[in-house]
Each structure stands twice: as C-alpha cells, then as structure tokens.
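Subject: Handover of a structure and the findings on it

Dear colleague,

Please find below the structure that I am handing over to you.

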Amino acid sequence: MARPPIIITNTLLFSLSGVVALVAVPWYGMSHGYDIWQWGSFLLLFCLSGLSITAGYHRLWSHKAYKAHPVLQGLFAFGGALALQNSALHWAADHRRHHRHVDDNDKDPYSAERGFWYSHIGWMLREYQGEAYGDYSNVRDLHNNSVVAFQHRHYLMLALGANLGLPLLLGLWHGDLLGMLLLAGVLRMVMTHHTTFFINSLAHIWGSQPYTDRNSARDNGILAFFTFGEGYHNFHHLFEHDYRNGIHWWQFDPTKWLIRLASWCGLAADLRSAPEERIELARLEMQLKRAQAQLCKQDDRELWQALLQEEYAKLSQQLQHYYASRKRLLELRKRKALARYDRLKLQLEYRSLRDGFITGKRNWSRLLAGITTRAA
C-alpha cells in the first residue's frame, strides 16, 4: 500500500528548525556568546509557550479540568501560537481523539503502538490523518469560546507575530538581534516542540503504570520535569478531567501549581479533581493484578491467591467505608448542622475507620512484599 503524501510545510519546519538548533545555535554561542538576558528571554518564552500548551490547550480546553478568566485564556491563546503547535481548536480535536481511541492504530492520531518515531513526530510529516484533518465535531463546546475561535481564525498571523515579532523586539531591545532570534526564537521553539512530543511518545513507552494497564500510558518523573508536569501520564489517562497530573505534593507539576495560583487570584475556578477513593482503588487493583501475575508460577499459588483475595476484599471495603465517613464528616462540618455530641460521635467513627484503613494498608503492603520475595 502506498504511503500517504508528505506534508511539505511541516517537514520543512521541523527539519530546518532542527538543523539551526543543532548547528547554528551552538556555533553562534561559541563564536559570539550568549549573555544572561538572552538566556532569560529563552527561559521566559519557553515557559510561556510550554505552560500555554499544558495549562491552556491541554488541561483547560481539551479536558475542561477547570474554568479560566478570559484574560488568562487570552494569554494561553497567545502562548499557544508562540508554541507553534496549531490552533487550540485543532490541538484539542486531535487530543480528544487520542484519549477516546488510545493505542488504536487507525483512530488514535499519534498511537504509540505504531512506534516511537510515529508517535513522536512521524504522524505530522505525512497525511496519515487526512480524513480527520479539520474535523472539529468532537470540540463543539469550543466553537462558542470567543478566545479559541479568534485564535483559530487568526492563527497564522498570531503564530508569525509571536515567533518572529517577539524575538525580533527582544533582539532590538537587547542589541543582539541574531543571537536572540537563535536562542529565544529557534532553540526555544524546537525544545517546546519536542518536550510536548515526548508525552505522545516516551510517556507511552518509558515509566510505570501504578493506576491502569488498559493503555500504554506511563508515569515518569523525569519526563514530568521537562514537560511542566505532564509526565504523570498513566494517572492522566485514567483521570483525564483532573486538573492535576502529579497528585502528590512532592511530584513536580508546575502546571498544577499555576492553575491553583490562578484560582487564588480569581483567574481560575471550578478546579476538578478525581475522588481520592477512586484513585486509591485504582492503585489497589493494579497491585492486586501484579501480585496475581507473580503468583501464577508458584506451587502453592492457590493458598496465596485465597489470602490475597481475602486481604484485597477487606482493604477495599475499609477504603470505601473510610472515604464515605470522611466525606460525610466534611459535608456536615461545612453545614455546621451537628450538635456537639453527634459531631464527636462522628469524629470517633471516622478516626476508627481511618485507623483500620491504615492498618489494612500496612497488612496489604506486607503481603505484597512477601509475594514479591517468594517470586524472586
């Protein structure tokens, strides 16, 4: 079967910008040097373009994980044009197809099942998705968004103005036009491209699957560092409407921090997050599945399987009761509808369930450790 025709514009853009970033940027640095203002401009524009993709294109418009003030949306629309990854409308349409048909070689625009090269950049070099290109039927909710609609209509003008005009203005202000164009223009654009593309490729190949193995998405803290928190991709594919990717305080997710900061400033609202009990249950189910796989070759596997199922059933029940009690207590506290005696009684019940759940988790961890030791 004949391969789809090459998309000349994309091929030239990625090829020429890549060559300039690999050859001209270091050559100019060695012959003329870059100062702190040029590196600062590079970092500022890299953060603006990258966060506009992660917080704007991805979590806001593709997944509706929160609501943003028009001023913040305007900033994301401009930064998205600076990132040069097509309009927000087009990007969101592709990304929603990816989530709906993940790993489907025919329907997922950048299916990781077709290999690293295809999912990273190959899918944009040929007309693989010719029939779906320009199909915005899955983003009808964005058609009425004035910011998204304006950016889509004027995308070419905005992209040229952002990627040429902004570095040129910075270069004229700084006094080194070429150096600023190379560093804050070309190198920044190439790095923004490939850090975003790593989520389509590496984040489906390299990392762990603590929440689900029903698709190829992986959690990877190293990738999260380079992609503004997007590297916790296994969590994201199961809980796609959560405004967080890194759910723990210690996980590097500056996009989450930006959204939370915006909410404190009145620029974001209705931040969505997955219920904690669903997250815990998903993690527990994956631990059960892995333990069962480790036991399949053991001679006494039936005994261990029975013990495993018993502990799993007990812990999952404790989990549900604990989170239901906590939710009830929080709701009643908000309403302040409890008499002092009833409130103390409910608090004691909650603490008892919490302590039981903590003990259950410890027993579960010991059981998993024992199974791992036997399988080693």
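In this message, a residue is called buried when its relative accessible area is under 20%, exposed when that value is over 50%, and partly exposed in between (1.4 Å probe, protein chains only). Please note that this is a predicted model, in which local features need pLDDT of at least 70, side-chain atom pairs count only at pLDDT 80 or more, and totals for chains, interfaces and linings use all residues. Residues are numbered from 1 along each chain as its sequence is written, and side-chain values use heavy atoms, with hydrogens and water left out.

Overall picture

The chain contains 15 helices and two strands; helices (H or I, at least four residues) and strands (E, at least two) are DSSP runs, numbered from the N terminus. Its C-alpha atoms fill a box of roughly 70 × 55 × 45 Å, taken along the principal axes. Of the 376 residues in the chain, 47% are buried. A contact means heavy atoms within 4.5 Å. Among the contacts with a separation of 6 or more, 69% are between residues 24 or more positions apart.

The surface

The chain exposes about 19900 Å², and carbon and sulfur atoms supply 61% of this area. Accessible areas come from the Shrake-Rupley method with a 1.4 Å probe, and for residues only the protein chains shown count as cover. A nonpolar patch on the surface is formed by F116, W117, I205, W206, I222, F225 and F226, with about 770 Å² of accessible area together. Patches are made of residues with over 30% relative accessible area and no salt bridge; like charges are joined within 9 Å, and nonpolar side chains (Val, Leu, Ile, Met, Phe, Trp, Tyr) within 5 Å. Helices α5 (116-120) and α10 (221-226) each supply at least two residues of the patch, and α10 gives the most, with three.

The interior

In soluble globular proteins, nonpolar side chains tend to be buried together. A nonpolar core is a set of buried Ala, Val, Leu, Ile, Met, Phe, Trp, Tyr and Cys residues joined through side-chain atoms within 4.5 Å. The largest such core here has 30 residues, and those with the most contacts inside it are Y57, W61, Y66, F76, V139 and L142. Two or more residues of this core come from each of α2, α3, α4 (88-100), α7, α8 and α12. A second, separate core has 20 residues, including L288, L319, L332 and L368.

Helix α3 (residues 70-83) has 14 residues and reaches 19 Å from its first C-alpha to its last, close to the 20 Å expected at 1.5 Å a residue; the expected span is 1.5 Å times one less than the number of residues. Its buried residues are L72, Q73, F76, A77, G79, G80, A81, L82 and A83. What covers them includes α2 (36-62), β1 (67-68), α7 (146-153), α8 (155-174), α9 (177-200) and α12 (254-264).

L51 is in helix α2 and counts as buried because its relative accessibility is 17%. Not counting residues up to four places away in sequence, L51 touches G56, F76, F228, P254, T255 and L258. L51 and T227 are 176 residues apart in sequence, and 8.7 Å apart in space, C-alpha to C-alpha.

Salt bridges

Side chains of opposite charge can pair when their charged atoms come close. A salt bridge is a side-chain nitrogen of Lys or Arg within 4 Å of a carboxyl oxygen of Asp or Glu. How many salt bridges does a search of the whole structure find? The search finds 13.

- D242 and R244 meet through their side chains (2.8 Å, N to O), and both residues are buried.
- K361 pairs with E280, the closest N and O atoms being 3.8 Å apart. This pair links distant parts of the chain, with K361 in helix α15 (residues 340-375) and E280 in helix α13 (residues 276-295), 81 residues apart. K361 is partly exposed at 34%, whereas E280 is buried at 17%.
- K314 and E311 form a salt bridge (3.6 Å, N to O). They are three residues apart in helix α14 (residues 301-335), so about one helical turn separates them.
- R59, E230 and D253 are linked in a network of salt bridges.

Yours sincerely
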